[in-house]
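Colleague: I'd like a close look at the aromatic side chains in this one, plus whatever you can tell me about the packing elsewhere. Take your time and walk me through it.

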Amino acid sequence: MVVNLSGRFYLEKGIEERLGKEFLDRINKEGYIDVTNKSGNVLYTVTKESLMERLNTDMHATSLSISKECSFFTVHGSADEIIPVEDAYEF
């Protein structure tokens, strides 16, 4: 069984909001981006490798690779403000 908890189907969406407008330039220059909260504390680090892996993941192909005999359960809140509910429908 696959359990999808509010997963993002279109992985390229939402990156600019989290990493900033010039995220590609910054990650190419530094090799990583520290994502901070409002207080400036580092929440997590995004490496160039992890970002490129995300951007190169084809969720459509990945979804099709799951056996048709496998159960797939999606949990997604209709008021989710980060991941659009349309992504749940794509899965």
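Modeller: I'll start with the ground rules, then go through the rings, and finish with the core and its surroundings.

This is a predicted model, so local features need pLDDT of at least 70 and side-chain atom pairs count only at pLDDT 80 or more, while totals for chains, interfaces and linings use all residues. Residues are numbered from 1 along each chain as its sequence is written, and side-chain values use heavy atoms, with hydrogens and water left out.

On to the rings. Searching the whole structure turns up three aromatic pairs (Phe, Tyr or Trp rings, the last by its six-membered ring, with centres within 6.5 Å; planes under 30 degrees apart are stacked, over 60 edge-to-face, the rest tilted). One of them joins Phe-9 and Tyr-10 edge-to-face, at 5.1 Å centre to centre and 80 degrees between the planes. Phe-9 is buried at 8% relative accessibility, while Tyr-10 is partly exposed at 28% (buried is under 20% relative accessible area, exposed over 50%, partly exposed in between, with a 1.4 Å probe and protein chains only). Phe-9 also pairs edge-to-face with Phe-91, at 5.1 Å between centres and 85 degrees between planes. That pair ties together parts 82 residues apart in sequence, because Phe-9 sits in the loop between β1 (2-5) and α1, and Phe-91 in the segment after α5 (85-90) (helices are DSSP runs of H or I, at least four residues, and strands runs of E, at least two, numbered from the N terminus). Phe-91 is partly exposed, at 24%.

Now the packing elsewhere. The largest nonpolar core has eight residues, among them Ile-15, Phe-23, Ile-33 and Leu-51 (buried Ala, Val, Leu, Ile, Met, Phe, Trp, Tyr and Cys joined through side-chain atoms within 4.5 Å). At least two core residues come from each of α1 (15-19), α2 (23-30) and β2 (32-36). Setting aside residues up to four places away in sequence, Phe-23 touches Ile-15, Glu-16, Ile-33 and Leu-51 (contact is heavy atoms within 4.5 Å).

Glu-16 has another partner: its side chain meets that of Lys-21 in a salt bridge, 3.4 Å from N to O (a side-chain nitrogen of Lys or Arg within 4 Å of a carboxyl oxygen of Asp or Glu). The whole structure has one salt bridge. Glu-16 is partly exposed at 37%, and Lys-21 is exposed at 65%.
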